[in-house]
Amino acid sequence: MDSVWEADRTHAKADLVVIGAGIVGLFTALFHKRRYPAQRVVVVERGAFPSGASVKNAGFACFGSPSELLADLDKEGADAMLARVEERWRGLLELRRELGDEPIGFEPTGGYEIFQPHNEGYTAVADRFNALNDSLRPIFGEPVFTWDDEAIARFGLAGVGHVVRTHLEGPVDSGRLMDSLLRKAMAQGVHFRPLTSVVRLTEEPAAVTLALADGGTMKAAMVAVCTNGYVLDLFPDLPVEPARGQVLKTAPVPGLRLRGTFHYDQGFYYFRDHQGGVLLGGGRNLDPVGERTTEPSTTPMIQNALEELLRTVILPGRSFTVERRWSGIMGMGRTKAPIVERRSPRIVLAVRLGGMGVAIGIRVARQAAQLIAQ
Ligand SMILES: Cc1cc2nc3c(=O)[nH]c(=O)nc-3n(C[C@H](O)[C@H](O)[C@H](O)COP(=O)(O)OP(=O)(O)OC[C@H]3O[C@@H](n4cnc5c(N)ncnc54)[C@H](O)[C@@H]3O)c2cc1C
């Protein structure tokens with residue numbers, strides 16, 4: 001039987017249990033606790049630390065490259081594209097304000113989209129470049145993108161014909177970001193319960209019972225499900241597809257000139273400098289079916305393609321060693337919009353963040369906290 005201390009502190013019914021300690025889950029808990037300081041708010045996480053996409057990503061604080069924005073415009077119309085950019089931009093500003101640039105390792109390096117010579121994607125962007133900048137001006141109050149072909153020589157790239165730069169983008173250190181966020185939430189009085197995997201939710205009139213993988217249970221007045229690409233484990237009917245993203249990181253490359261965040265091949269690849277080496281990810285388009293998985297592994301096909309890109313475009317003629325390879329799981333859908341909704345009276349969902357959770361995570365969490373409060 002539990003001691004009185006355990007019964008009071010550890011196993012007491014929570015006012016809110018947040019499932020998933022990613023950027024969305026932790027901000028949801030923080031915002032709820034701020035609103036209701038006396039309430040008991042618990043974040044349960046199946047890893048020993050946050051262990052989802054929020055700590056596996058590439059750490060781009062970005063809002064969309066020109067080719068991505070123009071593709072979105074063609075697919076969904078200008079209003080939807082601009083609304084999404086505004087949401088991402090506001091999210092980035094809020095994130096930086098809430099946690100601070102230094103604690104999240106934000107560096108105002110600028111971001112780039114690079115195009116192969118004679119590439120269709122380049123022509124499509126060049127033709128509508130000024131119109132795109134004009135349409136973004138009301139959001140940013142200034143021109144967002146400029147051509148910067150000198151960057152090819154400046155960064156030592158090869159096989160690149162044209163480069164677009166934005167001074168508004170840059171990298172963050174996702175490890176420091178999540179560490180700061182976790183510490184802030186806990187300092188505010190949020191309880192963090194790691195190594196706790198939820199396997200089932202049962203809603204009753206007065207509470208939700210959470211069945212745990214270790215056979216235990218928890219009870220909560222409200223539950224926020226913030227498990228992103230893993231949400232099908234709890235709600236298999238949701239329109240969410242897991243999407244694995246693979247990454248590699250080289251050891252420091254002496255004299256590396258690369259600096260900033262780079263988008264390549266319509267966003268299928270992304271790379272940046274990190275501690276003197278190159279962090280490179282993408283290639284999911286090479287195996288869309290195989291990468292529709294929550295398996296946390298890497299595959300030779302995609303890792304080889306990433307290495308080829310290092311050899312031919314990013315580090316031409318340079319020797320390098322890959323010191324680390326990993327993957328992370330995103331949640332995708334037919335649209336890029338996240339799912340933020342009340343599933344039932346006591347369960348709120350905030351999932352399917354796609355590839356932009358660094359930017360929109362804080363705003364999704366704000367919406368989730370609002371729904372929980374209603
Ligand atoms: C390789 C890669 C690169 C990316 N690069 C960028 C980038 O540069 N910029 C950008 O903006 N976005 C990027 N993203 C996307 C971004 O990382 C995500 O959108 C964001 O982190 C999602 O946050 P989240 O809190 O919704 O989910 P997650 O961070 O995935 O958190 C979900 C948490 O729930 C936990 N969990 C799951 N199921 C359970 C359960 N049953 N019980 C308990 N806990 C559970 C998981 O362990 C995990 O910690 C990238 C993603 C990947 C994979």
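This is a predicted model: local features need pLDDT of at least 70, side-chain atom pairs count only at pLDDT 80 or more; totals for chains, interfaces and linings use all residues.
Residues are numbered from 1 along each chain as its sequence is written. The shell divides into 18 nonpolar, 19 polar and 4 charged residues, where Ala, Val, Leu, Ile, Met, Phe, Trp, Tyr, Cys and Pro count as nonpolar, Asp, Glu, Lys and Arg as charged, and the others, Gly among them, as polar.

The ligand is surrounded by 41 residues, of which the closest are Gly20, Gly22, Gly52, Gly328 and Gly357; a residue is taken as near the ligand if its C-beta atom, placed from the backbone, lies within 6 Å of it. At least two residues of this shell come from each of helix 2 (23–35), strand 12 (241–250), strand 16 (322–332) and helix 10, and helix 10 gives the largest share, 4 residues. Helices (H or I, at least four residues) and strands (E, at least two) are DSSP runs numbered from the N terminus, and the protein has 10 helices and 18 strands.

The domain assignment, automatic or from a database, gives domain 1 (4–56 + 176–239 + 335–373) and domain 2 (63–170 + 240–332), and each of them supplies at least three residues to the shell around the ligand. The C-alpha centres of domain 1 and domain 2 are 29 Å apart, and their contact takes 27 residues from domain 1 and 25 residues from domain 2, two residues being in contact if their C-beta atoms, placed from the backbone, lie within 7 Å. On the side of domain 1 that touches domain 2, helix 8 (174–187) and helix 10 (357–373) are the elements that give two or more residues, and that side has 14 nonpolar, 7 polar and 6 charged residues.

Helix 3 (residues 66–76) and helix 6 (residues 120–140) pack at an angle of about 80° with their axes 10 Å apart, the axes being lines fitted to C-alpha atoms over the stretch in contact and the angles running from 0 to 180 degrees between N-to-C directions. The two helices are therefore roughly perpendicular to each other, a term that covers angles of 65 to 115 degrees. Pro66, Ser67, Leu69 and Leu70 of helix 3 meet Gly121, Ala124, Val125, Arg128, Phe129 and Leu132 of helix 6 in this contact.

Key
Angles under 35 degrees count as roughly parallel, over 145 as roughly antiparallel, 65 to 115 as roughly perpendicular and the rest as oblique.
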